[in-house]
Amino acid sequence: DLAKRLGVRLLTGSMPLKDRKQALLDMASGKCLLAIGTHALISNAVQFADLSFVVIDEQHRFGVNQRETLKGKGQTVPHVLTMTATPIPRTLAITVFGDLDVSTLTELPAGRKEIKTHVVPVGQPALVSRVWQRVAEEVMAGRQAFVVCPRIEGSILEEGDSEELEIEPGPAPAAAVEVFDALQLNPALAGVSIGLLHGRQSPEEKSSVMQAFAAGEISVLVSTTVIEVGVNVPNATAMVILDADRFGISQLHQLRGRVGRGSHAGICLLVSGAEPGTVAHERLDAVAGTLDGFELSERDLELRGEGDVLSSLQSGGRSGLKLLRVIQDAALIAEVKPLAESLLAKGLSETLALALQSSSESQLTQS
């Protein structure tokens with residue numbers, strides 16, 4: 001079949017050493033024509049016989065240097081296709097410069113239902129209690145729910161997550177292990193089957209939990225961001241994100257997309273202690289206000305800045321550009337882009353010589 005002809009190989013960090021070595025050998029020798037993997041593909045041990053095309057899915061999960069490292073594994077610069085439901089600020093910025101061609105899919109997949117999103121302040125206990133009652137209502141109706149936490153346990157982050165958001169000091173953020181224990185004692189969820197999923201579990205344990213959730217044996221799944229992508233459980237309709245201000249706009253939008261994938265509408269509850277008027281609260285309001293990923297990416301760009309398109313900084317106000325700002329000067333950049341392409345096509349030295357000659361002739365005429 002096609003997979004065999006292409007020599008498809010998988011590479012992940014949790015693979016057995018024997019399988020990993022074989023996959024690396026096949027990639028380097030050219031026996032593998034299609035490699036699929038996680039961040040493990042970026043490691044120094046990975047070599048390709050002739051890398052010509054790179055597809056980067058869920059772009060916001062990779063840093064600038066990581067993407068450049070992967071591109072650099074080709075003998076020549078490979079073609080690159082980047083995919084994301086919520087472009088990060090840097091992506092929008094470099095599309096303005098024309099460094100990326102953009103294709104957009106604006107319609108939702110067939111069968112997707114509406115997702116209502118609400119911000120729930122932790123300072124209002126009655127509303128927080130209502131969160132768990134709402135989850136219980138979904139379960140009683142035969143449906144399922146996710147509860148997402150920013151930590152695994154204590155101060156341990158999920159692999160691939162970062163602390164790049166500016167977060168005001170306060171109580172320790174929700175951790176999946178502790179929340180799992182607490183929900184089993186919550187009267188609103190008495191008798192409900194609750195599962196736990198995070199990145200420090202063994203591959204076998206993670207697989208077992210996900211299979212049980214997909215089969216409906218687990219009604220409420222407490223997890224970290226490991227469920228952010230690649231999880232499709234149509235019966236899941238409720239998403240509770242604890243300490244939601246600890247997540248970026250892209251992550252919140254991706255997490256919300258895990259519900260409303262079946263025949264029933266979804267609900268997403270963003271539980272947060274962020275104060276009104278803060279940037280953190282503005283992020284939550286933005287997510288609650290729209291389901292449009294591109295609208296959210298533009299709001300993210302406004303809140304975080306585009307970073308420095310001349311370096312690896314993916315967000316922020318600092319820039320190596322002295323005379324331009326990507327957003328304020330977008331119209332000007334678009335106007336001069338064809339001229340710049342023309343200069344490059346003709347050869348800069350020839351064009352500059354003609355420009356200097358024209359300038360000299362103009363001065364002589366004025367004289």
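Cys-32 is buried at 8% relative accessibility, where buried means under 20% relative accessible area, exposed over 50% and partly exposed in between (1.4 Å probe, protein chains only). Cys-149 is likewise buried, with a relative accessible area of 1%. The count of disulfides is 0, a disulfide being a pair of cysteine sulfur atoms within 2.5 Å. The model is predicted, so that local features need pLDDT of at least 70 and side-chain atom pairs count only at pLDDT 80 or more, while totals for chains, interfaces and linings use all residues. Residues are numbered from 1 along each chain as its sequence is written, and side-chain values use heavy atoms, with hydrogens and water left out.

The secondary structure of the chain consists of 12 helices and 10 strands; helices (H or I, at least four residues) and strands (E, at least two) are DSSP runs, numbered from the N terminus. Of the 367 residues in the chain, 42% are buried. With contact taken as heavy atoms within 4.5 Å, 70% of the contacts between residues at least 6 apart in sequence join residues at least 24 apart.

In soluble globular proteins, nonpolar side chains tend to be buried together. A nonpolar core is here a set of buried Ala, Val, Leu, Ile, Met, Phe, Trp, Tyr and Cys residues joined through side-chain atoms within 4.5 Å. The largest such core has 28 residues, and Trp-132, Val-147, Val-222, Val-240 and Leu-242 have the most contacts inside it. Two or more residues of this core come from each of α5 (125-140), β6 (144-148), α6 (176-183), β7 (194-197), β8 (220-223), β9 (236-241) and β10 (266-272). Apart from this core lies another, of 27 residues, including Ile-115, Ala-212, Leu-252 and Leu-270. When neighbours within four places in sequence are left aside, the contacts of Val-147 are Trp-132, Val-179, Leu-183, Val-220, Leu-221, Val-222, Ser-223, Val-240 and Leu-242.

A pair of aromatic rings is described by the distance of the centres and the angle of the planes. Rings of Phe, Tyr and Trp (its six-membered ring) pair if their centres lie within 6.5 Å; planes under 30 degrees apart count as stacked, over 60 as edge-to-face and the rest as tilted. The whole structure contains 1 aromatic pair by this criterion. The pair is formed by Phe-146 and Phe-213 and is tilted, with 5.0 Å from centre to centre and 55 degrees between the planes. Phe-146 lies in strand β6 and Phe-213 in helix α7 (residues 203-214), so the pair ties together parts that are 67 residues apart in sequence. Phe-146 is buried, at a relative accessible area of 0%, and Phe-213 is also buried, at 0% relative accessibility.

Thr-224 is located in the loop between β8 and β9 and is buried, with a relative accessible area of 1%. Beyond residues up to four places away in sequence, Thr-224 touches Val-148, Cys-149, Arg-151, Ile-152, Glu-158, Ala-176, Leu-197, His-198 and Gly-199. Asp-243 belongs to the loop between β9 and α8 (249-256). The phi angle of Asp-243 is near 50 degrees, a positive value in a residue other than glycine.

Pockets were located on a 1 Å grid over the protein atoms alone, a pocket being an open set of points where a 1.4 Å probe fits, with protein on both sides within 12 Å along at least five of seven lines; lining residues have an atom within 4 Å of a point. The largest pocket holds about 1800 Å³ of space, the volume being that filled by probe spheres set on the points, with grid points joined across faces, edges and corners. Its lining comprises 48 residues, of which Thr-12, Ile-36, Gly-37, Thr-38 and His-39 lie nearest the centre of the pocket. At least two lining residues are supplied by each of β2 (35-37), β3 (53-56) and α7.

Ile-36 lies in strand β2 and is partly exposed, at 44% relative accessibility. The C-alpha atoms of Ile-36 and Leu-11, 25 residues apart in sequence, are 6.4 Å apart in space. Leaving aside neighbours within four places in sequence, Ile-36 is in contact with Val-8, Arg-9, Leu-10, Leu-11 and Leu-41.

Leu-25, in helix α2 (residues 17-29), is exposed, with a relative accessible area of 52%. A C-alpha separation of 8.5 Å is found between Leu-25 and Gln-47, 22 residues apart along the chain. Glu-68, in helix α3 (residues 64-71), is partly exposed, with a relative accessible area of 44%.
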